Amino acid sequence: MSDALKTYAEINARIAAAAQSWSRKPEHVNLVAVSKTFDASHIDPFLAAGHRVFGENRVQEAAGKWPQLRESYADIELHLIGPLQTNKAEEAIGLFDVIETLDREKLAVKLASLAEKGHKLPRLFIQVNTGAEPQKSGILPEQALDFISQCRETYQLPIIGLMCIPPVEEHPAPHFALLAKLAEQAGLSELSMGMSEDFEAAIAQGASYVRLGRALFGAR
Ligand SMILES: *Cc1c(COP(=O)(O)O)cnc(C)c1O
């Protein structure tokens, strides 16, 4: 077995074990393989192993890699996990199947206007800045419920869940719990939370998507 395949099997086993220890079904935890900074030669072994769900944080980088990979694998599901500028929204909706980083009204307005022009929108997560960090994107927790209903009702956007990136220097569990509580209050079922260092804690709190880069691809 190649190193990539071995790592992939180990991570899948850890996800399954974490899910089972919280009486959750392993198939309800989706692995988003975060391939940012890695080229096709690093991604290919995962595609060959049958993995299809990937995450990229930059529109330009995704545009340079994924259209070609999609020619070989039609059923790829690509997630945008980095901030999205309004002027890149049209390009992004053509590249991504899921956008995890809807975080402000201006972007909601832009996406709604693209839908009105006949574009099919990706499924959307709303990013919540659970730590209220000034440098981080995401809607503030106290504004999240209003923003969610605005996105769904006023703008008719296909919101499926919430996403967060906890502050690096804090215990992530309270942030995951807050995200889960907000999703429950809003009646949203999907939770994108947990990265290489903390995905098991996120699964404990109900993560349905975990986003793993270094644990799969190695150091960036
Ligand atoms: C890079 C990135 C990840 C993956 O981080 P790792 O620590 O490499 O697992 C997850 N989510 C977001 C938003 C990222 O930018």
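S35 counts as buried in this predicted model, because its relative accessibility is 0%; buried stands for under 20% relative accessible area, exposed for over 50%, and partly exposed for values in between (1.4 Å probe, protein chains only). The residue sits in the loop between β1 (30-34) and α2 (40-48), where helices (H or I, at least four residues) and strands (E, at least two) are DSSP runs numbered from the N terminus. With residues up to four places away in sequence left out, S35 touches I43, F54, G55, E56, E61, K65, W66 and F217, contact being heavy atoms within 4.5 Å. The side chains of S35 and E56 are joined by a polar contact of 2.7 Å. A polar contact is a pair of N or O atoms within 3.5 Å; within protein, one must be able to donate a hydrogen and the other to accept it, and residues adjacent in sequence count only if both atoms are side-chain atoms. F217 is 182 residues from S35 in sequence, yet the C-alpha to C-alpha separation in space is 7.3 Å.

Residues are numbered from 1 along each chain as its sequence is written. The model being predicted, local features need pLDDT of at least 70 and side-chain atom pairs count only at pLDDT 80 or more, while totals for chains, interfaces and linings use all residues, and side-chain values use heavy atoms, with hydrogens and water left out.

H51 is placed in the loop between α2 and β2 (53-56). It counts as buried because its relative accessibility is 7%. A polar atom of the H51 side chain lies 3.1 Å from the backbone oxygen of L31. L31 is also among the residues that H51 touches, together with Y8, A33 and F46, not counting residues up to four places away in sequence.

Strand β4 (residues 98-102) is mostly covered, with five of its five residues buried. Strand β3 (residues 77-80) pairs with β4 in the parallel sense over two bridges, pairing requiring that DSSP finds at least two bridges between the strands. Within this pair, H79 stands opposite V98 in β4. A right-handed β-α-β unit is made by β3, helix α4 (residues 89-95) and β4; right-handed denotes a path from the first strand over the helix to the second that runs clockwise with the strands pointing away from the viewer. β4 also pairs with strand β5 (residues 123-127), in the parallel sense and over three bridges, and L102 stands opposite I126 in β5. From β4 the chain crosses through helix α5 (residues 105-116) to β5, in a β-α-β crossover that is right-handed.

P122 lies in the loop between α5 and β5. It is buried because its relative accessible area is 4%. Apart from neighbours within four places in sequence, its contacts are I93, F96, D97, V98, I99 and P158. P158 is 36 residues away from P122 in sequence and 7.6 Å away in space, C-alpha to C-alpha.

An N or O atom in the side chain of R211 is 2.8 Å from a nitrogen atom of the ligand. An oxygen atom of the ligand lies 2.8 Å from a backbone N or O atom of G213, and an N or O atom in the side chain of R220 is 2.8 Å from an oxygen atom of the ligand. The ligand taken alone exposes 390 Å², of which the protein buries 93% (Shrake-Rupley method, 1.4 Å probe; for residues, only the protein chains shown count as cover).
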